[in-house]
Amino acid sequence: MTKQLVEVITSVERRRRWSREEKERLVAATLEPNASVSEIARSAGIHVSQLFRWRKELCQISAPSIPQLVPVEVVETLPAPSIPTEPPPGDRRRKKASLVMIELGGGRRLRVESDIDTEALARILDVLERR
């Protein structure tokens with residue numbers, strides 16, 4: 001007959017709770033030059049994958065919140081522009097209008113056709129500038 005070793009566990013080991021400050025301290029240590037994530041995890045008594053998970057969660061850079069819709073204000077009706085009956089003799093319109101992208105700042109862009117009415121574009125830009 002051979003002897004077998006039997007391990008008896010007498011207590012329940014509970015999970016350790018890490019505060020945000022402790023997590024941030026350990027993650028900051030991994031970001032130091034020549035730092036070994038394995039050594040840092042081993043010294044803290046955690047698995048390397050746990051430290052990488054914390055690093056992923058704490059180091060995420062959230063993109064700035066850019067509104068998908070721009071608020072529009074309806075104002076009184078402007079007088080209708082006069083429409084010329086015949087185009088001027090030197091007017092050579094392109095058959096296909098191209099698009100122009102206007103950078104407004106703050107991550108906002110305005111895309112308009114190149115043959116847009118300049119007065120209408122000026123009014124649109126004035127409204128957007130006030131916001």
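**Figure 1. Overview of the chain.** The model is predicted: local features need pLDDT of at least 70, side-chain atom pairs count only at pLDDT 80 or more, and totals for chains, interfaces and linings use all residues. Residues are numbered from 1 along each chain as its sequence is written, and side-chain values use heavy atoms, with hydrogens and water left out. The order of elements along the sequence is α-α-α-β-β-α. Of the 131 residues, 11% are buried (under 20% relative accessible area; exposed is over 50%, partly exposed in between; 1.4 Å probe, protein chains only).

**Figure 2. Packing of α2 against α3**. The axes of α2 (residues 37-44) and α3 (residues 48-58) come within 8 Å and cross at roughly 105 degrees; axes are lines fitted to C-alpha atoms, for helices over the stretch in contact, and angles run from 0 to 180 degrees between N-to-C directions. The two helices, α2 and α3, are therefore roughly perpendicular (65 to 115 degrees; under 35 is roughly parallel, over 145 roughly antiparallel, the rest oblique). V37, S38, I40 and A41 of α2 meet V48, L51, F52 and R55 of α3, contact meaning heavy atoms within 4.5 Å. These residues divide into six nonpolar, one polar and one charged (nonpolar: Ala, Val, Leu, Ile, Met, Phe, Trp, Tyr, Cys and Pro; charged: Asp, Glu, Lys and Arg; polar: the others, Gly among them).

**Figure 3. Packing of α1 against α3**. The axes of α1 and α3 are 9 Å apart, at an angle of about 100 degrees. Helices α1 and α3 are therefore roughly perpendicular to each other. From α1, the contact takes in R20, K23, E24, L26, V27 and T30; from α3, L51, W54, R55 and L58. Five of the residues in this contact are nonpolar, one is polar and four are charged.

**Figure 4. N34 in the loop between α1 and α2**. N34 lies in the loop that joins α1 (20-30) to α2. Its phi is near 60 degrees, a positive value in a residue other than glycine. Most residues other than glycine have a negative phi. N34 is exposed, with a relative accessible area of 83%.

**Figure 5. Lining of the second largest pocket**. L78, P79, P81, S82, I83, D117, E119 and R123 line this pocket. By class, the lining has four nonpolar, one polar and three charged residues. A pocket is an open set of points on a 1 Å grid over the protein atoms alone where a 1.4 Å probe fits, with protein on both sides within 12 Å along at least five of seven lines; lining residues have an atom within 4 Å of a point.

Note on methods: Helices (H or I, at least four residues) and strands (E, at least two) are DSSP runs, numbered from the N terminus.
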